[in-house]
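This report describes selected features of a protein model. Please view the sequence and the structure below before reading further.

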Protein chains: 4
Amino acid sequence: MQPLYSHPSGRHFLQIPGPTNVPDRVLRAIDHATIDHRGPEFGELGKTVLAGMKKVFKTDGDVIIYPSSGTGAWEAALVNTLSPGDKVLMAETGHFATLWKKMAERLGLQVEFQDGDWRHGADPEQIGRRLAADPGHEIKAVCVVHNETATGVVSNVPAVRKAIDAAGHPALLMVDTISSLGSLDYRHDEWGVDVTVSGSQKGMMLPPGLSFNAVSAKALKAADTARLPRSYWDWKEMLAINPRGYFPYTPATNLLYGLREALDMLFTEGLDNVFARHQRHGEATRRAVRAWGLEILCARPEEYSPALTAVMMPDGHSADALRKTVLDHFNMSLGQGLSKLSDRVFRIGHLGDFNDLTLCATLSGVEMGLKKAGVPHRAGGVQAAMDYLAETSRPCPAQAT
Amino acid sequence: MQPLYSHPSGRHFLQIPGPTNVPDRVLRAIDHATIDHRGPEFGELGKTVLAGMKKVFKTDGDVIIYPSSGTGAWEAALVNTLSPGDKVLMAETGHFATLWKKMAERLGLQVEFQDGDWRHGADPEQIGRRLAADPGHEIKAVCVVHNETATGVVSNVPAVRKAIDAAGHPALLMVDTISSLGSLDYRHDEWGVDVTVSGSQKGMMLPPGLSFNAVSAKALKAADTARLPRSYWDWKEMLAINPRGYFPYTPATNLLYGLREALDMLFTEGLDNVFARHQRHGEATRRAVRAWGLEILCARPEEYSPALTAVMMPDGHSADALRKTVLDHFNMSLGQGLSKLSDRVFRIGHLGDFNDLTLCATLSGVEMGLKKAGVPHRAGGVQAAMDYLAETSRPCPAQAT
Amino acid sequence: MQPLYSHPSGRHFLQIPGPTNVPDRVLRAIDHATIDHRGPEFGELGKTVLAGMKKVFKTDGDVIIYPSSGTGAWEAALVNTLSPGDKVLMAETGHFATLWKKMAERLGLQVEFQDGDWRHGADPEQIGRRLAADPGHEIKAVCVVHNETATGVVSNVPAVRKAIDAAGHPALLMVDTISSLGSLDYRHDEWGVDVTVSGSQKGMMLPPGLSFNAVSAKALKAADTARLPRSYWDWKEMLAINPRGYFPYTPATNLLYGLREALDMLFTEGLDNVFARHQRHGEATRRAVRAWGLEILCARPEEYSPALTAVMMPDGHSADALRKTVLDHFNMSLGQGLSKLSDRVFRIGHLGDFNDLTLCATLSGVEMGLKKAGVPHRAGGVQAAMDYLAETSRPCPAQAT
Amino acid sequence: MQPLYSHPSGRHFLQIPGPTNVPDRVLRAIDHATIDHRGPEFGELGKTVLAGMKKVFKTDGDVIIYPSSGTGAWEAALVNTLSPGDKVLMAETGHFATLWKKMAERLGLQVEFQDGDWRHGADPEQIGRRLAADPGHEIKAVCVVHNETATGVVSNVPAVRKAIDAAGHPALLMVDTISSLGSLDYRHDEWGVDVTVSGSQKGMMLPPGLSFNAVSAKALKAADTARLPRSYWDWKEMLAINPRGYFPYTPATNLLYGLREALDMLFTEGLDNVFARHQRHGEATRRAVRAWGLEILCARPEEYSPALTAVMMPDGHSADALRKTVLDHFNMSLGQGLSKLSDRVFRIGHLGDFNDLTLCATLSGVEMGLKKAGVPHRAGGVQAAMDYLAETSRPCPAQAT
C-alpha cells in the first residue's frame, strides 16, 4: 500500500479528536486471521470483550456491541426504547447533539431541543424545569452528549440525573459517550444512566467500526413496549445469545481482536490513571492556548474536556487555512470547526493512545502553524505546556518481568 | 495475542462458507494507521473503493458502503425503498432467505413467502405467476437470495427479472449476493436488479464489518416516497457526499484499506478468472462428495453453487459430531447445518482466497474426518478431486517484473 | 508490496526444507517497533531468548546468538576453537557437509573427509577407527551434520560420541543441527557435544537471519588457545555481556522478537510433542512416496529424517521439471536436488509450523505434479498418507480459557 | 507480545542514533511470508535490492549484502582485502573508529592509529603526511569513519582521498558509513572509495540485521591476493551468483523485503531531499542545544553531523542520570556516551524516518528532562528549534493520485 500522506518521511500526527492514533498493539491484534464466529474460540473472545466493556462502562447491566459506527449506536438507543411520535428532550451542546436530534426526528420522534450557544454543557437546571412542567410524562427520554466532540465541553451527567429525579420524572436518561468513554471518568450504573452510547475510535483506541450501548434494566423494560421498527439494532436478539459469547449475525471479528487488546491496555494502565492522564494533557493544552493569547471555546472551566480542546480563531482569520498550513507543512491533522463553528475554531485531540512528547509535538505543530499562517499570537505555548508537564510528570521506570 | 485455536502447530483451515480466509495482503493493509476521514487522502481512498465496488457489482449506478455486517445491508435495502405495511414477495431458499423474511416482518412489512424445500433456488415461474395475479401492484418488491449460503444453491436472477417483466409488474427486484459477490458472475445493471445487497467477508476476502447496497435509479426514486423510518441506513445522505470520497458519518477506515487491497487483487486476477476458479473448485468438490457416496444438498446441477457445497449426512449420523471431529483432529472449521438442516448437513466453503492445494487439504480433512467419525462412505474423494484438478490445471509461471 | 508469487489466489505452499513457513504469530512479533538495544527492556528480551535457546539445545552451558545465517554459525564453531593448519575429521553425508568442509579448508584447516554416498549418515565406527589410528591426537575436531538437509538422512550423534570416547580421543565434537533443532530430539549436554551449530529458519520457525552456537566448557577452553583470527564470531565478547541480556554489537532486535514468540510456541506445544509430530509427518510422507512407487533417497530406515524426505526420480526424468510443474500449476515450492543430486531428487519439507492438512495439501501437490509432468508413478500416495494420519491422529479440542 | 516499554500509553520515542524508528511501511513489508530463496520471485527481489543499493552508494561497482550486523561488514572489508600482518592506517575519531581498530588488531593486522580527541573528524593532512612517509607502501589501507556515531562528527572523505592521491600512495581507502548512508550525501565512486561499509539500522530505516560492502575494482583485485582467511564474508562467492539475484547461502529474506520498501521510500522522497532534511534537522537541534547553553561535542561547524548531535553535560552532571530521567518520565531513549565519553555526553539521533514534529517532541523531551534532572540550562531550546523549523519549512500538500 502506498503511503497515505504525501509527506515523504516520518509519522503523521493524527490529532483530530477521533479517530485517534491506534496503538501498534491494537493494529497488530486486528491483523490476525479471521476465525469461525460460531466456533469455540470465538465464544471465549466474545465473553472477554463483553465483560471488559462492562468494566469500562462501570455497569453490571448489559452491554451491546454492534458492527457499526457510533452513529449506529445512537440509532440503536432510540429505536429500542421509543415509539413513533414519542417526545424526547435533548440539549443543544454542539454539532453532535444536533446530529443526534436530527436523527431522532428522521426516525419519527418529536424532539424538544434546549437551545445552547455551543460553549456550555447541558443545563441540568433547565432540564429539571422542563420535566417538572411535564406532569403527564409525555417526555419519554432525556438525551445528553457527555463530551461534545465539536466543542470540547463536558456535560455534568450526574447533575442531569439529579434534576430528573428531583422532578420525579420517569424519562429515560440517554448519554452519548462516543468521545469520552475510556478518556473521562464515566459511571453508567452509579450515575443512573439508562442507555449509554459509545464508539470504538476515540478513547477506546480502535479504528472506527464498532459501537456500543450500555443498557439499564429500565431501558430493557422500555424495549418491551417500544414500537419503532428495528431488527439490526434489536437488543433482545443480541442479549439472547451474548452470554455464550456469540452474536446473532456475523460480528466484526477482527475489530473484536483489537478491542480485546485495547481493553487489556486500558486495564493494565488502570482506568483512573487513564483519566488522570487525559486531565493532565487537557490542562497542558489549555496553558498553551492561553500563552498564545487565543481563546478556548469552552466557556466554563468546570466543563473543560480532558479529551480535546477547541480553540477560537482571532477575528478575520481562517481556522481551515491554519489547519491546511499545519497539514501541509507539519504533517498533522487537526479537527475542523463543524457547522456553525466552521472555519472559526480548530480542535486539538489529546485523547487515546497518547503521551507527553506526542502532546509537545502536537502543540509545536500548532504554534509553528500559527506563525506560518500569520495568525496573531504570542510565542510560548509549547513552553507553557512543557513547564506544566515537567512539573507534574511521574517516573515510570522499566520493570523487570 | 494468544493463538486462537488450541492446535499447537500449523495454520487453521477456515472452510466455512464465510467469513473466508483473509489474504495476508488484506490483513496487512488493514494494519495501517487510521487517517483523518475528513482529510484529502481519505477522499482518494473513498473514491477508489466506491469506483471499484461499481466494477464488482457491474453497475453504473450507485453503490453504498456501510460500516456494518451484511445483515445491515439487508435492512438498508428495505428501509430505503418501502413503507410500513408494504407487501413484499420472498422466496424461501433456505436459512438466510428466512432470516431476511423475518427481518422484513419485524420492520413492519407484509411478507408473502414462497415455500421451498431448501434444495432448490427461487422459482421464477412461480414468482411470475404470483405477480400476474397482482394486478393492483400491491407487491412492492421481490426479494431473492442469489447464493443461499445455507444450502449451496444458486437462484437464477436473470430468469426472475424476466418473470417480473413478463408479468408487466413494477415491483422492485432485490437480490442478496452476500455469499456470491466476488465469487460468482453477477451483473446488477444487465440483470435489471434494483437493490443488490452484499457483505465483505465472503468472496470479497475481507473480515466482516463492511456491507454494500448497489442501487438502481428506480430504487432511488422509490426512496423518495418510502416511509419506513431510517437514518443510519439512509442512502441520500451517503450519495450527497460520496462523490468526493467522503461519508456522512465516520466510516470503517481500516476495513476500507483492506477493501482497496482486495479490489486490487480481484482486478489483477480478473473477475472472469475469479469466477472460473470458483466453478472449478465447486466441481472438484462435488466429485469428491460423489466419490464418497454422499449426497449433495442442492438438487439441480444447474443450481450448484461455485462458492460452497452443502453435503447431506447418511441417516442416523450427526453432522455436528463430524464437524467436531474435523475441528479437533484436523484443525479445520466446516460450516454447520442451519435451523431445519441442523446436524443434517455440513457445508464446505471453497470461496474467496483459495487455490488447488488448499482445496485438497480441505477435502482431505473431510475424508479423514468421515473415517475418524465412523460415517459410512467410500474412500477416494480426494483422489477424484485431484484427478479433476490435475486434468484442468493451467500453469501460472512466475513473471519477471 | 506486490504479491510474491504470480499465482493470483490463495496461499503459496513453501515446502522446501527451509526456510519453512513462518507462523503468523512470529511474523507479527517481528513487526513491532525496534527498541534501544542498550535499554532496560532489551535486557529482558535478551535474557529470555538466551534462556529459551538453552532449553531447546538441552544444555546448561552457553548459547551464542549471532545476527547471521546458519553458515555464519558454522564459521563461528571453527574459528573459536581451532588454529591454522589444525586437522578436522568430517563425514561426507551430503551437500551441506561438503560445504562445511570447503569452508574449513578456506579457513586454513586440514580436513579429512570420510567419503559417503549421500544416502547414509555419518559412520560412527569409521570415525572411531580413524581416531584410534591417531595416537598423537592430531585431529582436533570431529564435525558431523545431524540432519543432512540435502538428503533427509539423520546421523547418530550419540553413537559418534561413543566412538570418540571409545577411542579415548580428545577431539572436539561439533554438530550441525541447522535443519534438526526444534524438529528432532537433540541433547547437547547429554550427548556430549562440544559445539552445536544451528539456524533460525527451519524448525525454529523464524525467517533466516539468526544463527546459534551451543558451547561446552571444553570448547570454551579450546577457545583460549585457538589461533584462527576472529572478531565478529568471537564467543568471549558475547559471553561477557550476555548474562545481562545484551550483545557486544547491535543484535537483530526484530528477529529476536520473533525468536521469543517461536520459543513460546515450541514450549507451549511441548518439545516432545513437537518431535512426535515431525516423526508422524515423516512417516506419512514416506508412505505416500512408497505408494507412488518412488524411492526414498535415505537408504536406512533408522536414519530417516522426520524433517524432510528426499525422493529419487525414475531414471530419465527430471526433478527440476517436476518442481517447475508443481510451482507453476500448484503454487508449491519443493526443494531441489543439490550438486551431485541436482535434477535427480526433489525434497519435501515437512518441518516447522505444520499440520496434517498442510501435509495432505503438500502431498496432493506432489501427486498431481507427478501426473501432470508425466512421471511414472502409481496414484494413491495421498490416500496412503491420509490412512496413516487418520489412524494416528489425536483430538486437540479447543480449550476454554 | 507484551508492550516493550513500561510506559502504559503512547509511542516510545527511539532517539538514539540508531537503530532508528523503522517506518510502518518497512515493518509491514518484513511481515510477509518467507519465500524460497532459490525460486524465481526471489531472483527479482535480489536484483531489485542490489540495484537499489548501488544507487544509494552512488556506485557502478559491486555491492555486497550480508545477513549480519554492520560490525560484520567491517570485518568483511578487512578480510577480503588484507593479509596477516598488513599495516593499516586508521583515524581515531571516536568509539566506533576505536572498535574497528580493535577488530583489525584481533584479525592480525598492524594498526597505526592516528590519535584524536573525539571532537574532530579524521585529519586528511595528517593522513597525507603519514602516507608520504611510507615510500615502501607498507600501509595497505586507510580506514575512516564517515559519520562517527559516538560523537556526531563527520570526516571529510573526499579530502582524505585527495591526501592519499597527493601522496601518490596505493593504499586502499575504506570508509564506514554505517550511520551516514541514506542520511548524508555519500558518493562511493566519485570520492574514490575502495570499500564502503554500511548497515541497515540507521538512515536505511530497517531493523538491524543487514550489512553492506560497496567494492571498487581495485578492492576486488586486492581480494585476489589477500590472505586473511575468509568464507562467510568472501566477496567472490557472492558476486558469482548475485547477478541473477541470488546468494550463496540463505539470505535474510524478510529483511530484504524491508530493504526493498525502504529503498522505494528513499527514492520516492529523493536522495537529495533526504539529505537536505537531515541537514535541516541537525541545524534545528544545534540551535536548541545552544539556546540551552550546552556545548556541542563536535568542535568544528563544518564537521557537524546531520544525523545526530552529541551534547556535553555541564561539569558535575551525569548524562546517564539525565537519560534515565528522560526515559522514565518521557518515554524517550537517548544515546549514551560511549567509553571515554561515558556519562559525559548524551546523543540525540535525528536520522532516518523523521519529521519536524518528531524533532520538536524529541527536543521537548530533552528540555523537560534537563529541568527535571536539575541540569543547569536555559529554557528556550525547543522555541529556538521551532523558530528555525517554521522559517524553513516547505509545504508538502496532499496529492491527488
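Leaving aside its neighbours within four places in sequence, which residues is A:R347 in contact with? The model is predicted, and within it A:R347 is in contact with A:I16, A:P17, A:G152, A:L308, A:A310, A:L334 and A:G335, its neighbours within four places in sequence being left aside. A:R347 is located in strand β14 of chain A. A residue counts as buried if 20 or more other C-beta atoms lie within 10 Å of its own. A:R347 has 25 other C-beta atoms within 10 Å and is therefore buried. In the UniProt record, an unreviewed entry, the annotation "binding site" covers A:R347.

## The annotated domain of chain A

The UniProt record, again an unreviewed entry, lists residues 13-328 of chain A under "domain: Aminotransferase class V". Over residues 13-328, chain A is 42% helix and 17% strand. The end C-alpha atoms of this stretch are 12 Å apart.

## Two packed helices in chain A

Helix α10 (residues 271-292) and helix α13 (residues 381-392) of chain A pack against each other at an angle of about 150°. Their axes are 7 Å apart. Angles over 145 degrees count as roughly antiparallel, and α10(A) and α13(A) are therefore roughly antiparallel to each other. The crossing in which α10(A) passes α13(A) is right-handed.

From α10(A), the contact is made by A:R280, A:E283, A:A284, A:T285, A:R287, A:A288, A:V289, A:A291 and A:W292. From α13(A), it is made by A:G381, A:V382, A:A384, A:A385, A:Y388, A:L389 and A:T392. Sorted by class, the contact of α10(A) with α13(A) has 10 nonpolar, three polar and three charged residues.

## Backbone features in loops

Two residues of chain A have a positive phi although they are not glycine: A:W118 and A:S339. For A:W118, phi is about 65°. This residue is found in the loop between β4 (110-114) and α5 (124-132) of chain A. For A:S339, phi is about 45°, and the residue lies in the loop between β13 (332-336) and β14 (345-349) of chain A.

Is each of these residues buried or exposed? A:W118 has 24 C-beta neighbours inside 10 Å and therefore counts as buried. A:S339 has 11 other C-beta atoms within 10 Å; because a residue with 12 or fewer counts as exposed, A:S339 is exposed.

Cis peptide bonds also occur in the model. One joins A:G18 and A:P19, with omega about -5°. A:P19 is placed in the loop between β1 (13-15) and α1 (24-30) of chain A. In chain D, the peptide bond from D:G18 to D:P19 is cis, with omega near -5°. D:P19 is found in the loop between β1 (13-15) and α1 (24-30) of chain D.

## Contacts between chains

The table sets out the residue classes on one side of each of two chain contacts.

The contact between chain C and chain B takes 45 residues from chain C and 45 residues from chain B. On the side of chain C that touches chain B, at least two residues each come from α9 (253-269), α10 (271-292), α11 (319-330), α12 (356-372) and α13 (381-392) of chain C. The largest share of this side is that of α12(C), with 11 residues.

The contact between chain D and chain C takes 53 residues from chain D and 53 residues from chain C. Elements of chain D that each supply at least two residues of the side touching chain C are α1, α3 (70-81), α4 (95-106), α9 (253-269) and β13 (332-336). Of these, α9(D) gives the most to that side, with five residues.

## A lysine in chain D

Where is D:K324 placed? D:K324 is in helix α11 (residues 319-330) of chain D. With 18 other C-beta atoms within 10 Å, D:K324 is partly exposed. D:K324 and D:F354 are 30 residues apart along the chain, and their C-alpha atoms are separated by 23 Å.

Terms used
Residues numbered from 1 in each chain as written. Chains lettered and ligands numbered in written order. Predicted model: local features only at pLDDT ≥ 70, side-chain atom pairs only at ≥ 80, totals over all residues. Axes fitted to C-alpha atoms, helices over the stretch in contact; angles between N-to-C directions. Helix = DSSP H or I, 4+ residues; strand = E, 2+ residues; numbered from the N terminus. Parallel < 35°, antiparallel > 145°, perpendicular 65-115°, else oblique. Left-handed = near helix turned anticlockwise from the far one by under 90°. Contact = placed C-beta atoms within 7 Å. Nonpolar A, V, L, I, M, F, W, Y, C, P; charged D, E, K, R; others polar. UniProt positions renumbered as here; feature names shortened; annotations may be inferred.
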